[in-house]
Amino acid sequence: MEHYNMNLTLKVWRQANSEAQGNFEIFSVANISSEMSFLEMFDVLNEQLVEEGKEPIAFDHDCREGICGMCSMYINGKPHGPWQQNTTCQLHMRAFKDGDTIVVEPWRAKAFPVIKDLIVDRGAFDRIIEAGGYVSINTGNPQDANNIPIEKKKADEAFAAAACIGCGACVAACKNSSALLFVGAKVSQLALLPQGEPERKSRVFDMLTQMDKEGFGACTSTGACEATCPKGISIANIARLNHEYIRAAVLDDTVH
Amino acid sequence: MAEKNILDNKIPEGPLDQKWTNYKGHCKLVNPSNKRKLEVIVVGTGLAGASAAATLGELGYKVKAFCYQDSPRRAHSIAAQGGINAAKNYQNDGDSVFRLFYDTIKGGDYRAREANVHRLSEVSGNIIDQCVAQGVPFAREYGGLLSNRSFGGVQVQRTFYAAGQTGQQLLLGAYSALERQVALGTVTIYNRHEMEEVVVIDGKARGIIARNLVTGEIERHFGHAVLLCTGGYGNVFFLSTNAMGSNVTAAWKAHRKGAYFANPCFTQIHPTCIPVSGENQSKLTLMSESLRNDGRIWVPKQKNDTRKGNDIPEDERDYYLERRYPAFGNLVPRDVASRAAKERCDAGYGVGTSKQSVYLDFAEAIVRYGKIECGKHGITDPSAAVIQQHGLDVVKEKYGNLFDMYAKITGEDPYLTPMRIFPAVHYTMGGLWVDYELKTTIDGLYALGECNFSDHGANRLGASALMQGLSDGYFVIPYTLGNYLADEIYNQPIPTTHPEFDKAEKEVKDRISKLLNVKGTETVDSLHRRLGKIMWDKCGMARTAEGLTEAINEIAQLRKEFWEKVKIPGSDKELNPELEKAGRVIDFIELGELMCKDALDRAESCGGHFREESQTPDGEALRHDDQFMYVSAWEFTGENPNGLLGEELHKDQLVYEVIKPTTRNYK
């Protein structure tokens with residue numbers, strides 16, 4: 001791979017805390033190698049800011065391997081930036097050219113309030129899981145794992161849904177800030193597996209109820225979530241969630 | 001071997017395979033109505049922490065779980081790729097509890113504790129059952145049964161996996177069990193909180209001081225017991241495969257309060273990481289060891305060969321692992337594979353621009369799988385291109401996400417050209433010293449998972465970290481903690497106005513204000529990079545007494561400079577990532593000094609580290625069982641006037657009742 005260096009202009013959202021008024025601030029960064037990751041470019045900028053006695057830009061990140069789901073920012077208007085099926089930490093600077101101006105903002109969604117600069121609070125996702133994104137089983141004495149064979153295709157589909165990293169890009173990409181791709185992925189995973197069967201009906205109701213309570217918007221099936229998802233979670237999971245919802249509503253009149 | 005064992009490791013009497021059963025049968029229990037009155041603090045929410053907090057919540061204890069991330073689901077266990085071992089013998093290829101136990105002990109270079117490892121092997125099967133019951137979507141065969149693959153150091157297929165995202169799926173399983181308990185009210189989560197100090201009252205751990213990372217507020221939390229599940233300290237090397245936030249702070253603070261630190265110098269170097277590309281690199285990314293099931297590792301036979309990998313003909317390639325270790329070939333354990341890669345690169349056969357990497361090549365696997373697939377589909381006389389396409393599809397299904405990751409980071413297509421890999425710091429085998437009950441030398445303070453030292457010896461076999469984290473959290477601590485808490489029901493919760501809480505909080509506040517008041521000129525990252533360079537050069541894969549002695553002094557000097565030069569903007573009353581990093585880096589600096597002391601004491605080659613003074617005539621690692629068959633357990637004794645930290649060595653002798661340590665041979 002050819003390497004090159006570039007000089008860039010960054011327009012970054014700064015906001016001291018959830019109460020404060022935010023604004024864009026402009027920074028110049030020089031000699032950025034095309035081999036660096038986007039967050040490493042931020043590290044360089046931040047180190048420069050610290051040396052100048054200024055406050056570095058706060059952003060969420062941890063594993064930097066594209067799996068923990070912590071990194072989260074709009075880059076030029078797209079969650080996680082220009083590459084398909086990618087997280088910010090795995091975005092590399094060869095995605096940009098010398099002289100580019102890059103605009104960086106936090107996730108925008110009522111249910112994800114800004115904590116500082118590019119960091120938002122995604123606690124709503126945890127509360128949606130608390131509402132039913134699990135199988136109620138205590139630790140200790142389940143039957144032997146191979147006693148319940150699961151068709152490979154189903155297991156693979158369940159895995160594809162389970163691969164969600166909970167980053168919130170789907171919400172950020174959605175014009176209504178809907179969390180349906182996130183919820184759909186979890187509902188699907190457990191609905192596809194025999195282990196999820198006993199709580200199949202209550203789970204879909206409870207998770208959706210909590211989703212509404214958190215202030216996420218409604219889904220209008222425009223598919224921005226799927227297009228943006230770093231793990232390629234399919235919008236088919238939303239279809240499956242809808243199916244689960246109707247199935248539960250029709251088949252069980254005792255719920256809601 | 002005459003050294004008296006002054007540490008009571010509480011290994012139960014009786015035959016090895018009965019110890020855990022007997023322990024469980026005789027340990028004390030807490031009655032359910034009393035469990036509600038007992039409070040437990042769990043620090044860290046990775047596999048060990050989340051599974052422990054969820055399980056203790058299920059049992060009825062009042063649990064408080066702390067993590068520095070925004071959600072427990074982000075702990076670094078989530079990044080584990082390859083798999084989790086279990087002695088299920090589903091493949092009927094000769095696996096058993098004993099064989100898993102034996103492989104783990106041997107893989108650990110005979111520096112692990114027999115009783116702990118046997119227990120780990122015994123519960124391994126339950127872990128898989130538990131996770132499947134939670135809805136963890138492990139890989140399956142067409143018949144609907146669970147699939148297995150192989151890992152290094154092993155000749156059976158016992159590794160369960162979920163593509164290259166096994167850690168993620170297991171952690172999400174534990175996380176969902178944890179969130180279920182949150183909903184039930186038994187567990188409270190404190191996210192974006194960091195433990196800054198342990199509170200010890202009358203010799204017992206009774207709580208922690210934590211900092212709310214959003215508001216900067218210093219909080220006091222009481223617990224009848226405190227469990228540290230905070231992972232490893234590989235970031236002491238600056239560049240490692242750990243998450244950026246992974247740190248030693250909680251464990252180090254416990255060490256300074258009296259918990260012994262065991263085998264700190266045992267670091268695992270993972271052989272298959274994406275090589276370093278530039279000066280500003282912040283971390284290293286691992287490529288799962290499972291790739292060595294199918295990938296063949298090689299370097300050119302000719303020194304300084306500048307041709308591209310694909311242009312080097314077959315007979316000019318040196319498949320050095322297959323050549324040196326015919327029985328295990330590319331599946332030798334991590335330490336052996338790492339050393340062999342370093343040896344080839346040091347000898348001038350490395351590839352890539354830096355010459356610090358070797359090839360991991362799937363070309364042959366693609367053809368082999370392609371032929372099998374063509375056979376399955378009834379394609380007779382397939383062309384090379386058809387074989388290639390079918391083979392690529394198989395490899396894509398098995399390892400696709402790893403290949404994508406490689407392509408993103410390097411900009412090269414690993415389906416078309418061999419990957420380049422090099423060893424990197426991965427997992428730390430050392431940690432807080434614990435007894436059989438996972439209790440540290442501070443009563444009521446426990447360490448689970450990578451945070452303790454006990455199960456992996458000097459080298460961890462692949463797919464055993466996930467196993468240990470979940471074993472400790474789901475199946476061990478519920479029993480051993482009950483044994484302790486049964487005597488605690490007589491003790492009322494201690495109010496956090498107790499003078500020991502005052503004292504601990506003052507220590508934390510003083511340290512933070514000291515950090516902010518240095519107002520120096522050097523950034524935290526640059527100090528961290530300096531530490532990492534000393535550690536990698538002198539306490540990395542190859543070590544000498546001379547280098548380690550130098551390193552100890554250089555680190556002491558660095559510590560002095562840290563307190564004169566560190567520059568931290570902002571205040572402590574807000575979210576301040578530089579302040580967080582600074583607190584962690586100073587702890588890494590102190591730990592680095594101890595790691596070098598421990599490495600200096602251990603004048604043998606063992607596990608991932610190679611003492612150059614101790615090698616066989618043909619350059620293999622040479623252990624000295626007669627002198628070093630012990631766990632080094634270091635006691636903090638205060639700061640010395642000479643600028644070094646006071647650390648006293650205690651030895652926990654390793655007694656092998658069942659396995660006779662021999663030279664590890666993978667030939």
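Author: Helices (H or I, at least four residues) and strands (E, at least two) are DSSP runs, numbered from the N terminus. This is a predicted model, in which local features need pLDDT of at least 70 and side-chain atom pairs count only at pLDDT 80 or more, while totals for chains, interfaces and linings use all residues. Residues are numbered from 1 along each chain as its sequence is written, chains are lettered from A and ligands numbered from 1 in the order in which they are written, and side-chain values use heavy atoms, with hydrogens and water left out.

Reader: What does UniProt place at residues 40-466 of chain B?

Author: The unreviewed UniProt entry gives "domain: FAD-dependent oxidoreductase 2 FAD-binding" there; UniProt positions follow the numbering used here, feature names are shortened, and annotations may be inferred rather than shown by experiment. Over residues 40-466, chain B is 31% helix and 19% strand, and the end C-alpha atoms are 23 Å apart.

Reader: Which residue is listed as "active site", and is R334(B) buried or exposed?

Author: UniProt lists R334(B), again in an unreviewed entry. R334(B) lies in helix α9 (residues 334-346) of chain B. R334(B) counts as buried because its relative accessibility is 4%; buried means under 20% relative accessible area, exposed over 50%, and partly exposed in between (1.4 Å probe, protein chains only).

Reader: What is R334(B) in contact with?

Author: Leaving aside neighbours within four places in sequence, the contacts of R334(B) include F151(B), H270(B), E289(B), R292(B) and H426(B). Contact means heavy atoms within 4.5 Å.

Reader: Turning to the interface, how many residues of chain B are in contact with chain A?

Author: 79 residues of chain B contact 71 residues of chain A. The two chains bury about 6100 Å² between them, 52% of it on carbon and sulfur atoms; buried area is the accessible area (1.4 Å probe) that two parts lose on being put together, summed over both. In chain B, R74(B), R140(B) and K408(B) lose the most area to chain A, together 12% of what that side buries.

Reader: How many salt bridges are there between chain B and chain A?

Author: The count is seven salt bridges, each a side-chain nitrogen of Lys or Arg within 4 Å of a carboxyl oxygen of Asp or Glu. One salt bridge joins the side chains of K283(B) and E65(A) (2.7 Å, N to O).

Reader: And where does S37(A) lie?

Author: S37(A) is in the loop between β2 (23-33) and α1 (38-51) of chain A. S37(A) is buried, with a relative accessible area of 5%.
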